[in-house]
Every structure is written in structure tokens, then in C-alpha cells.
Amino acid sequence: VQLQASGGGLVQPGGSLRLSCTASGSITSINAVAWYRQAPGKQREFVARISSGGSTNYADSMKGRFTISRDNAKNTVYLQMNSLKPEDSAVYYCNAGIDRRPYWGQGTLVTVSS
């Protein structure tokens, strides 16, 4: 089983990006999936989470700007990020419970800069 995060890049302040987290391999079920991020010199922090049933929760600083969603047919979870700020710059990681085991993606870099 592999978990791959993608979609990062360079974006101007106020811009948008959509990150994807895709699971591949022999998979029976994917439970909750969460996004975390880690900026240089800082601890990894929670961004958003979506349950297997589609319930969502967000870190306070992301509410209203970020939206997490999932496409179970594609084994993919998305993180739509709008109104990006320079302080959103970080490596974004996804974490998923797959067949009762936790997996981490490799991270995708988001840089918000003019």
C-alpha cells in the first residue's frame, strides 16, 4: 500500500491550490484521512480531517479557507486551499487509516509568495 500526496507548488498570496492524497495497492477500506503540515523550524500541525462517512473537521486557522473532500471510488482525498497566505507555506502531508494501519504520504511542498 502506498499513499501519495501531490498538487503542491508556488502560488501568490490570495491564490488557490488543490492537493490530492491517493492510496494505491491492495486496499480493502480507507478510514479517516487527515492533512498535516510542517513549516521549516516548526512542529507538524493538524490541518483537516475527513472520516470514512464524510464528516469533516478543521484547524481553526483553516476554517472557511480550506475544504477537505474524498472520492472513495478513486481512493483519493482532496484539500482545496483558497485565500492562501504566506504563513500557509509548508510541506503538507496526508495520513490515512488503511485496513486498520496508519500510513503517511511523502509530503508535497506549498509555497505562498509574491
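Modeller: Two strands pair if DSSP finds at least two bridges between them, and with that rule we can read this predicted model, in which an open sheet of 4 strands has the order E1-E3-E8-E7.

Biologist: What makes strand E1 and strand E7 the edge strands of this sheet?

Modeller: Strand E1, residues 2-6, and strand E7, residues 66-71, each pair on one side only, and that is what makes them the edge strands. From one strand to the next, the twist averages 15°.

Biologist: How do you know that strand E3 and strand E8 are paired?

Modeller: The rule asks for at least two bridges, and 6 bridges join strand E3, residues 17-24, to strand E8, residues 76-81, so the two strands count as paired. They run antiparallel, and one of the bridges can be followed on the model, where Cys21 has Val77 in E8 as its bridge partner.

Biologist: Why is the contact between Arg37 and Glu45 called a salt bridge?

Modeller: The cut-off is 4 Å between a side-chain nitrogen of Lys or Arg and a carboxyl oxygen of Asp or Glu. The closest N and O atoms of Arg37 and Glu45 are 2.6 Å apart, which is within 4 Å, and therefore the pair qualifies. By this rule the count comes to 4 salt bridges, among them the one between Lys63 and Asp60, at 3.2 Å from N to O.

Biologist: What makes the salt bridge of Arg65 and Asp88 a link between distant parts of the chain?

Modeller: The side chains of Arg65 and Asp88 meet at 2.7 Å, N to O, although the two residues are 23 residues apart. Arg65 lies in the loop between strand E6 (56-58) and E7, while Asp88 lies in the loop between E8 and strand E9 (90-98).

Biologist: Why are Arg65 and Asp88 called what they are in terms of accessibility?

Modeller: Arg65 has 10% relative accessibility and is under the 20% cut-off, so Arg65 counts as buried. Asp88 has a relative accessible area of 1%, and so Asp88 is buried by that rule. Arg65 and Asp88 are also linked with Arg37 and Glu45 in a network of salt bridges.

Note on methods. Residues numbered from 1 in each chain as written. Predicted model: local features only at pLDDT ≥ 70, side-chain atom pairs only at ≥ 80, totals over all residues. Heavy atoms only, no water. Axes fitted to C-alpha atoms, helices over the stretch in contact; angles between N-to-C directions. Buried < 20%, exposed > 50% of the residue type's maximum accessible area, 1.4 Å probe, protein only.
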